[in-house]
Amino acid sequence: MQNKGPSGPQGFVVQPRRLPKTEASLRVQDFGEIIVKPTPENLEVQAGRCTDCGVPFCQNACPLQNNIPDWLGLSAEDELREAWRVASATSTMPEICGRICPQDRLCEGSCTLNQSGWEAVTIGSVEAFIGDTAFDNGWVAPIRPLHERGESVAIVGAGPTGMAAADRLREQGYQVTIYDRHDRPGGLLTYGIPGFKLEKRVVQRRTDRLADGGVTFIQNCNVGTDVTLDDLRGKHDAVLLAMGVYQARALSAPGVGPGSTIRALDYLTHQNRRDLGDAEGADWYSARGKKVVVIGGGDTAMDCVRTAIRQGAASVVCLYRRDKDNMPGSAREVSNAEEEGVVFEWLGAPKALMSRDGATTSIRAARMALSEPELGKRREIIAVPGGDFDLEADMVIEALGFEPEAFADHHAELALTEWGTVVTPQHRNTQGYSTSLPGVFAAGDAVRGASLVVWAVRDGQDAAAEIDRYLRSQSQEAAA
């Protein structure tokens, strides 16, 4: 498609990238999304910056292989309904991925404009706008299968993997039941990701669509405790394990003990429950008036520091053992945090927690340095002799990443990797989501380990396609 920006076929040259955000001093006062919704006119201008380069690096960098150039071109021409049709063909959650994907590391990072020295097209913002417009105008069709099938599928986990799989399976007419430990569906979309990145109404309308389409949600159900995997296998024709990874990696250092630190997900869950209107519990965490130190450098750490700022912390410091260029989290989130007043203590590793009268007062940290770069290797971190320093802290949040829980508890014959993730053909570098148990499949973080929501959506959709093939083959064998 030819670029039709307001300055002609080469309009992208003179039209700068614009992704308006609420000014930092205002946005930290609440938990609303910080990206300002563009006007249709501004959206057309930004979408029109796409050069239609012919080699869709943006699409190749997207785990979902979204047809980005086409829906950008359609948006630039104000053909938003058709843009929605194209966007939703490859993704069950465009409006969610448009908000929370680390586009700077994926599609926008690979954008031809970005690679050639111009700033990237605002792909994520356009994708979210297309999705929101589709919901606002009733273009999001309800799930109404052409033919109902008799087979049923159990999905363990109501997060993005389970939701994506349920969407595709229900469209094929399968009877789908999702079992989830929480009181609301959505998984980390509901309880892990803060409202300033993803407002809960956006997740709610997706789960409502699934329920309206005939998907059954069984909440407050912990598979392995309240119901066994064998129970599900006996009741359903196929099972998909999509439970994610929730076990926090723990800090090991002198002074760390019960109550001395807070796990990141517990902290974020409490604030998300506030945003959802739940009555606050006496044990819920708040950073108001406190000196907060968050340990870690990923996107979860960024969620924690930015939440603490909004809760009214006296100070917020992010302690990370590497430098800014080597953080695992999104550069966009680091920039947002800096704008909002978070202080970063780079090249610092926690060494001990200091306390007085049973309360944490500070963190002793070691100053670190990075080893010389080696081709194909991540730089090592080395303690600097005599470089110890102290950070005042009366609230310490651990954001060190997540590991699989004891999946073996679900079934003794369920094969696991040495890291505790579920074994599938992907671990042998081949396609597939089957496990060591007949009729049981696994996808998302349960297989990959902690990863991105966009990969969870991709895995859920692909696993649904494999389950569909499996059940159809079983039906054909039974009829033979």
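Colleague: Are E340 and R310 buried or exposed?

Modeller: Both E340 and R310 are buried. A residue is called buried when its relative accessible area is under 20%, exposed when the value is over 50%, and partly exposed in between, using a 1.4 Å probe and protein chains only. This is a predicted model, in which local features need pLDDT of at least 70 and side-chain atom pairs count only at pLDDT 80 or more, while totals for chains, interfaces and linings use all residues. Residues are numbered from 1 along each chain as its sequence is written, and side-chain values use heavy atoms, with hydrogens and water left out.

Colleague: With which residue does E340 form a salt bridge?

Modeller: A salt bridge is a side-chain nitrogen of Lys or Arg within 4 Å of a carboxyl oxygen of Asp or Glu. Here E340 is paired with R310, and their closest N and O atoms are 2.8 Å apart. E340 lies in the loop between α16 (331-339) and β9 (343-345), and R310 in helix α15 (residues 299-310), so the pair ties together parts that are 30 residues apart in sequence. The helices (H or I, at least four residues) and strands (E, at least two) are DSSP runs numbered from the N terminus. Through shared partners, salt bridges join K21, R27, R306, R310, R332, E333, E339 and E340 into one network.

Colleague: How many salt bridges does the count come to?

Modeller: The count comes to 39 salt bridges. One of them joins E403 to R249, with the closest N and O atoms 3.4 Å apart. This pair links distant parts of the chain: E403 is in strand β15 (residues 402-403), whereas R249 is in the loop between β5 (247-248) and β6 (262-263), 154 residues away. E403 counts as partly exposed because its relative accessibility is 32%, and R249 counts as partly exposed at 39%. In another pair, R184 and D183, the closest N and O atoms are 4.0 Å apart.

Colleague: How many disulfides does a search of the whole structure find?

Modeller: A disulfide is a covalent bond between the sulfur atoms of two cysteines. The criterion is a pair of cysteine sulfur atoms within 2.5 Å. The search of the whole structure finds 0 disulfides. For C58, the nearest cysteine sulfur, that of C50, is 6.3 Å away. C58 has 10% relative accessibility and therefore counts as buried.

Colleague: Which residues have the most contacts inside the largest nonpolar core?

Modeller: A nonpolar core is a set of buried Ala, Val, Leu, Ile, Met, Phe, Trp, Tyr and Cys residues joined through side-chain atoms within 4.5 Å. The largest one has 68 residues, and W71, L72, I155, L189 and L240 have the most contacts inside it. Helix α18 (residues 453-479) gives the largest share of this core, 7 residues. A second, separate core has 27 residues, including V292, M302, A308 and M395.

Colleague: Which residues does L189 touch?

Modeller: Contact means heavy atoms within 4.5 Å. Leaving aside residues up to four places away in sequence, L189 touches M93, I96, I100, P160, M163, L198, K200, V203 and V453.

Colleague: What volume does the second largest pocket have?

Modeller: On a 1 Å grid over the protein atoms alone, a pocket is an open set of points with protein on both sides within 12 Å along at least five of seven lines; a cavity is a set where a 1.4 Å probe fits but cannot get out, and lining residues have an atom within 4 Å of a point. Points are joined across faces, edges and corners, and a volume is the space filled by probe spheres set on them. The second largest pocket has a volume of about 740 Å³. It is lined by 33 residues, of which L19, I35, G98, S125 and R332 are the closest to its centre. The largest share of that lining, 6 residues, comes from α9.

Colleague: How many cavities of 30 Å³ or more does the structure hold?

Modeller: The structure holds 4 such cavities.
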